[in-house]
Amino acid sequence: MADEKETPEVPDPDAGATDEVTDAAASVTPEGADLEVDDDEVLTVDDILNAANAEVQDPSDEHLADLKRITAEYANYRKRTEANRELERERAVGAAVAVLLPVLDDLDRAEKHGDLEGDAPFATIAAKLRGSVEKLGLTAFGEVGEAFDPQRHEAIFQQPSDDVEIDTIADVVETGYTLGGTLLRAAKVVVKTPQ
């Protein structure tokens, strides 16, 4: 029988799993601590997976609070992004329209001199240009007889007058423009002041 070779024993993979968990638990406990581990109290992989599945099916209050917080953060992010997008759009349109303000000033001067009367081609082009910038949200302001507002008007000259009780616009030298809620240019005006 000495001739017979001994076959090496192949360890059973399931048999050593609980021993490894017990050894791992023993290595984590501090020295000198008595810890008795029963085979019934040892956590297995199935126990951990079952606990995770149970938590997914019945989420805890902590997870619900986290979910609510993340949902609120995302809603705030969307609002900020939308507000910034609208602001950037208004700035881009404002930059494009600001280049056209001198052209609109020339059209106002031509209109004051009577060059835009009737159905002349130049009058048609002026009307189309003004209509186009109004579609973009450009609004003109500064009318004769309007109350003077230092936030929107720039006084280039003051005339004392008995006719008015508050500062009033007597003449508009250069029309002011707003785009949405943004002031592109203040109106340059002559102001009548009470004596």
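Me: Hi! Which element gives the largest share of the lining of the largest pocket?
Reply: Hello! That would be α4, with six residues. Keep in mind that this is a predicted model.

Me: Thanks. What other elements supply at least two residues of that lining?
Reply: Besides α4 (101-112), you get at least two each from α5 (121-135), β1 (138-141) and β3 (168-174).

Me: And how many residues line the pocket, and which lie nearest its centre?
Reply: The lining has 20 residues, and D108, R130, A140, T175 and Y177 are the ones nearest the centre.

Me: What's the volume of the largest pocket?
Reply: About 400 Å³.

Me: How do the lining residues divide into nonpolar, polar and charged?
Reply: Nine are nonpolar and nine are charged, with two polar ones making up the rest of the lining.

Me: Switching topic: what's the strand order in the open sheet of three strands?
Reply: The order is β2-β6-β3, and the pairing is mixed.

Me: Why is one side of β2 and of β3 left without a neighbour in the sheet?
Reply: Both β2 (153-161) and β3 stand at the edges and have a single partner strand each, so one side of each has no neighbour there. On average, neighbouring strands of this sheet are turned by 25 degrees against each other, ignoring direction.

Me: Nice. In which sense do β3 and β6 pair, parallel or antiparallel?
Reply: Antiparallel, over five bridges, with β6 covering residues 187-194.

Me: Last one: what's the bridge partner of V172 in β6?
Reply: V172 has V189 as its bridge partner in that strand. As for the pairing itself, strands of a sheet are joined through backbone hydrogen bonds.

Terms used: Residues numbered from 1 in each chain as written. Predicted model: local features only at pLDDT ≥ 70, side-chain atom pairs only at ≥ 80, totals over all residues. Heavy atoms only, no water. 1 Å grid on protein atoms, 1.4 Å probe; cavity = no way out; pocket = protein on both sides within 12 Å on 5 of 7 lines; lining within 4 Å. Points joined across faces, edges and corners; volume = space filled by probe spheres on them. Helix = DSSP H or I, 4+ residues; strand = E, 2+ residues; numbered from the N terminus. Nonpolar A, V, L, I, M, F, W, Y, C, P; charged D, E, K, R; others polar. Pairing = 2+ DSSP bridges. Axes fitted to C-alpha atoms, helices over the stretch in contact; angles between N-to-C directions.
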